[in-house]
Amino acid sequence: MEKIPVFIPNIGEDTKLHVNDALDIGWLGMGSTTMEFEERISKFLELKNRYVVTTNTGTSALHIALKLADIGPGDEVITPSFNYVADHQAIKMTGAKVVMCDISDENLGIDCKKAEELITEKTKAIIPLHFAGIPCNQKEVFELAKKYKLRIIEDAMHAFGTSIDNKKIGSYGDITCFSFDPVKIITSIDGGCVIVNTKEEVEKLHRLRLLGVDKDTTERYKNKRAWDYDVLGEGYRYHLTNIMASIGNSQIKKIDEFIVSRQKVCQKYNKAFQNISEIKIPKTNFSNVSPFIYSLRILNGKREDLIKHLQSLDIDVGIHFIPVHKHKFFQNSKRGDMAITEKVVKQVLTLPLHSNMKDEFVNRIINGVTSFFNNLKKD
Ligand SMILES: Cc1ncc(COP(=O)(O)O)c(C=O)c1O
C-alpha cells in the first residue's frame, strides 16, 4: 500500500519553469523576483496601507518583528507554550524573557484571561498563534494589548489566507508574520514575511533584514548593488533570494485552488468524525479558514493505540505540538498555569492534509480512524 505522509509539497512543472526563469535572469540573490513575491503577497492579502517585507524564514520574520518593536533585554514577551519553539527562540535572540501562557480549550489559541495575569511592567509584547489556521480569540488579544499598551506580533504562520469577519489575517492589526517553509500551504522552500503599518517600519525592517545596510534593498530590487551604502544599525542576513521567491511566486498563483481543496478535505474529516464521541473535531466549518493542518483531539486516552493502528495501515500522523515548557532549554522560563495545555497535548493528533489530496488517501484515512473506534466498541 502507498504510504500517506502527513505533508506532501505541491510542486509542479510550473514551479520548475519559474525557477528556470529566475536562474536565467542571472541575479541569484535578493532582487526583482523577491519584489514580485512581495507584491503578490500584498495583493493576495488585500493590503491597504500595510506593507510586506519578505525574509528567509518565518523564524527570522519573528525575530526582526520583535526587534522592530524594540524588544530587548529586560523586556518580557508573552506567547503560548502550545506553539512551535521558533517564537520562543526568537524572543530569546532579542535578549528578552519568554513568558509562556496557557490556551483556550475552544480554539487552542492564547487564553487572554490567563495572559492578563502574567502581565507585569516589563511586558512589552504578546505573540498569539492562530493554531492550524483557525483564528484565536483575536478581538480579546487586541483589547488586552490596548489596555496594557503592548505590541502584538501575530504568529500567522499557519493562517495564510484565513479571514476573520471577511478580512484576511495580516490585512489589519499591528505586526503579522507568515512562514513559507517546506510544509506550509505555499512554500518558497524556506521563507517568511512581516506585515506592518508604515513605510518607516518597512525601512527599518529592510535594514534589520540585511546587515543594517541602507539603500541596498532599493538597488537590489532592480537586480543591482548599491556601492555607496552606509550601515545605520544592527542587522542580520535574513533576506529572501530571487530563486526562493520564484518558487513562492509559482505557489501563490495557485493558492486559491490549494485552500479550497484543503477546506474540502477538512470538511469531509469533520463530517466523518462528528458523531464519534471519543473524538473532538475542530470547531469550525472551515469556510473562512485556510487550513495548514487538520488536528483533532482523542478524548478516551487511546491516542497512542490509534497512532499504531493508522501506522499499520501506512498512514503517518503528527503531533502539534510538544509544549515548549517541556523542552529542556525552556523548562525554567516563566510560565503561568498550564491546565489546558497539559490536557490537550495528550489528545492532539494531526492527520495528513495535502493540497489537491487524492480521494483515495482521504477515504483510507477516514476508514482508518472510524474502523479503530468501531473495533473498540466490539471489544
Ligand atoms: C507556529 C509556528 N511559528 C513559527 C514557525 C517558524 O517558521 P519557519 O519554519 O518558516 O522558520 C513555524 C514553522 O513551522 C510554526 O509552525
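Phe286 lies in the loop between β10 and β11. Helices (H or I, at least four residues) and strands (E, at least two) are DSSP runs, numbered from the N terminus. The model is predicted: local features need pLDDT of at least 70, side-chain atom pairs count only at pLDDT 80 or more, and totals for chains, interfaces and linings use all residues. Residues are numbered from 1 along each chain as its sequence is written.

Stay with Phe286. Its phi is near 70°, a positive value in a residue other than glycine. Most residues other than glycine have a negative phi, and most peptide bonds are trans.

Phe286 lies in the loop between β10 and β11. Helices (H or I, at least four residues) and strands (E, at least two) are DSSP runs, numbered from the N terminus. The model is predicted: local features need pLDDT of at least 70, side-chain atom pairs count only at pLDDT 80 or more, and totals for chains, interfaces and linings use all residues. Residues are numbered from 1 along each chain as its sequence is written.

Stay with Phe286. Phi of Phe286 is near 70°, a positive value in a residue other than glycine. A residue is buried if 20 or more other C-beta atoms, placed from the backbone, lie within 10 Å of its own, exposed if 12 or fewer, and partly exposed in between.

The flanking strands belong to a sheet. This open sheet has three strands in the order β10-β11-β13, paired antiparallel. Pairing takes at least two DSSP bridges between two strands. β10 (279–280) and β13 (348–351) are the edge strands, each pairing on one side only. Strand β11 (residues 294–298) is joined to β13 by four bridges. In this pair, Ser295 stands opposite Thr350.

Ile189 also has a positive phi, near 70°. Ile189 sits in the loop between β8 (175–179) and β9 (192–196). With 17 C-beta neighbours inside 10 Å, Ile189 counts as partly exposed. Another backbone feature is a cis peptide bond between His320 and Phe321, with omega about 0°. Phe321 is in the loop between α11 (303–312) and β12 (334–335). Most residues other than glycine have a negative phi, and most peptide bonds are trans.

Next, Leu240. The loop between α8 (216–220) and α9 (242–252) holds Leu240. Leu240 counts as buried, with 29 C-beta neighbours inside 10 Å. Leu240 and Gly192 are 48 residues apart in sequence, yet 8.2 Å apart in space, C-alpha to C-alpha. Not counting residues up to four places away in sequence, the contacts of Leu240 include Met30, Asn56, Ser188 and Ala245. Contact needs C-beta atoms, placed from the backbone, within 7 Å.

Now the ligand. Of the 14 residues around the ligand, Thr57, Gly58, Thr59, Ala86 and Ser179 come nearest. Near here puts the C-beta atom, placed from the backbone, within 6 Å. α3 (58–68) and α4 (86–94) each give two or more residues to this shell. By class, the shell has four nonpolar, seven polar and three charged residues. Ala, Val, Leu, Ile, Met, Phe, Trp, Tyr, Cys and Pro count as nonpolar, Asp, Glu, Lys and Arg as charged, and the others, Gly among them, as polar.

Step back to the whole chain. The protein chain is divided into domain 1 (13–252) and domain 2 (255–317 + 352–378). These bounds come from an automatic or database domain assignment. The C-alpha centres of the two domains lie 30 Å apart. At their contact, 17 residues of domain 1 meet 14 of domain 2. The domain 1 side has eight nonpolar, seven polar and two charged residues.

The largest nonpolar core has 98 residues. Such a core is a set of buried Ala, Val, Leu, Ile, Met, Phe, Trp, Tyr and Cys residues joined through C-beta atoms within 7 Å. Helix α10 (residues 255–273) gives the largest share, six residues. Ala65 is among the residues with the most contacts inside the core. Ala65 touches Ile153, Ile175, Cys177 and Val194, not counting residues up to four places away in sequence.

Definitions and conventions: Contact = placed C-beta atoms within 7 Å.
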